[in-house]
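Biologist: Could you walk me through this one before I set anything up? I would like to go through the charged pairs, the backbone and the strands.

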Amino acid sequence: MWRIGKVVALHDETRSARTITLEVPDWPGHAAGQHVDLRLTAPDGYSAVRSYSIASAPNSEKHIELTVERLPNGEVSPYLTQEVAVGDHLELRGPIGGWFVWRAQQTEPIQLIAGGSGIVPLMAMIRSRASAGSAVPFRLLYSVREPGAVFYRDELDVLAHHDDSVSIDYAYTRASPKHWPRPPGRIDAALISNTTWPSNQVPTCYVCGPTSFVESASDFLSAAGNSPDRIKTERFGPTGDRK
């Protein structure tokens, strides 16, 4: 079922990523980790459909937030990050997905691992935890190219300094902040060992990002003793399904 959402707010997260807040009057509600299909139709009738994770926690205002990263050769993301305006209407279908979700009834420790824009559905989980008043401990390992590529920077900084039950670690792959303790590089077994829950605490792990990132992170989690059925993954295809 396709629904119509009205753009009510826009916020630039980085130089190439924008959060779009949509008011969807008939929105049925969603769980943290779900996504929507979004359809754009040109005047000549050509349409393109892309999937975008929901960044916001469930709320009573019938609002959802989508954070979109602009891809150089994308058909849809350049429009959403540069041209869409408050007051515009967008077609969307959802919510979609039932496996890669976090629900407030869960009581086990939660491990989140994000690669780039893979932070979006994990941010929905962090926000949903707060809105539900959950005391479940969360850990986030966030891999990004460089400091300017961090989504939700201010919100994550507040969490890191004021919420002892949410632990946040960064891995910078190309350029790191001055005096950062770890040189730029991809996540590895040592980093997983030092920044994630011990497997004997039986966490549920959520990993989201490009396919190669998700496969590597999942392998490291498995090698650290986590059971495969406790590792939930969502990946972007090699051509970038989320454009």
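**Charged pairs, backbone and strands**

Modeller: Let me begin with a charged pair: R182 forms a salt bridge with D188, and their closest N and O atoms are 3.3 Å apart. Please keep in mind throughout that this is a predicted model.

Biologist: OK, and is D188 buried or exposed, or something in between?

Modeller: D188 is partly exposed, with a relative accessible area of 30%.

Biologist: How many salt bridges are there by this rule?

Modeller: The count comes to 12 salt bridges. One of them is formed by R145 with E69, where the closest N and O atoms are 4.0 Å apart. That pair links distant parts of the chain, since R145 sits in the loop between β8 and α3 while E69 belongs to strand β5, 76 residues apart.

Biologist: What about accessibility for R145 and E69?

Modeller: R145 counts as partly exposed at 36% relative accessibility, whereas E69, at 19%, counts as buried. The cut-off for buried is under 20% relative accessible area, so the value of 19% for E69 falls on the buried side.

Biologist: Which residue does R127 pair with?

Modeller: R127 forms a salt bridge with E155, and the closest N and O atoms of that pair are 2.7 Å apart. Because R127 lies in helix α2 and E155 in helix α3, the pair ties together parts that are 28 residues apart in sequence. R127 is buried, with a relative accessible area of 16%, while E155 is partly exposed, with a value of 32%.

Biologist: Which residues are joined into one network with them?

Modeller: Salt bridges that share partners join E65, R127 and E155 into one network.

Biologist: Switching to the backbone, which peptide bond is cis?

Modeller: The peptide bond from G94 to P95 is cis, and its omega is near 5°. P95 is found in strand β6, which covers residues 89–96. As background, most peptide bonds are trans, and most residues other than glycine have a negative phi.

Biologist: Then which residues have a positive phi although they are not glycine?

Modeller: K62 has a positive phi of about 60°, and Y152 has a positive phi of about 55°. K62 lies in the loop between β4 (47–53) and β5 (63–69), whereas Y152 lies in the loop between β8 (138–144) and α3 (153–162).

Biologist: β8 keeps coming up. How many of the residues of β8 are buried?

Modeller: In β8, 6 of the 7 residues are buried, so the strand is largely enclosed by the rest of the structure. β8 pairs in the parallel sense with strand β7 (residues 110–115) over 6 bridges, and the bridge partner of A114 in β8 is Y142. Between β7 and β8 the chain passes through helix α2 (residues 119–132), and this β-α-β crossover is right-handed.

Biologist: How many bridges join β8 to β9?

Modeller: There are 7 bridges joining β8 to strand β9 (residues 166–172), and these two strands run parallel. Y142 stands opposite Y170 in β9. From β8 the chain crosses through α3 to β9, and this β-α-β crossover is right-handed.

Terms used. Residues are numbered from 1 along each chain as its sequence is written. This is a predicted model: local features need pLDDT of at least 70, side-chain atom pairs count only at pLDDT 80 or more; totals for chains, interfaces and linings use all residues. Side-chain values use heavy atoms; hydrogens and water are left out. Helices (H or I, at least four residues) and strands (E, at least two) are DSSP runs, numbered from the N terminus. Buried means under 20% relative accessible area, exposed over 50%, partly exposed in between (1.4 Å probe, protein chains only). Two strands pair if DSSP finds at least two bridges between them. A crossover is right-handed if, with the strands pointing away from the viewer, the path from the first strand over the helix to the second runs clockwise. A salt bridge is a side-chain nitrogen of Lys or Arg within 4 Å of a carboxyl oxygen of Asp or Glu.
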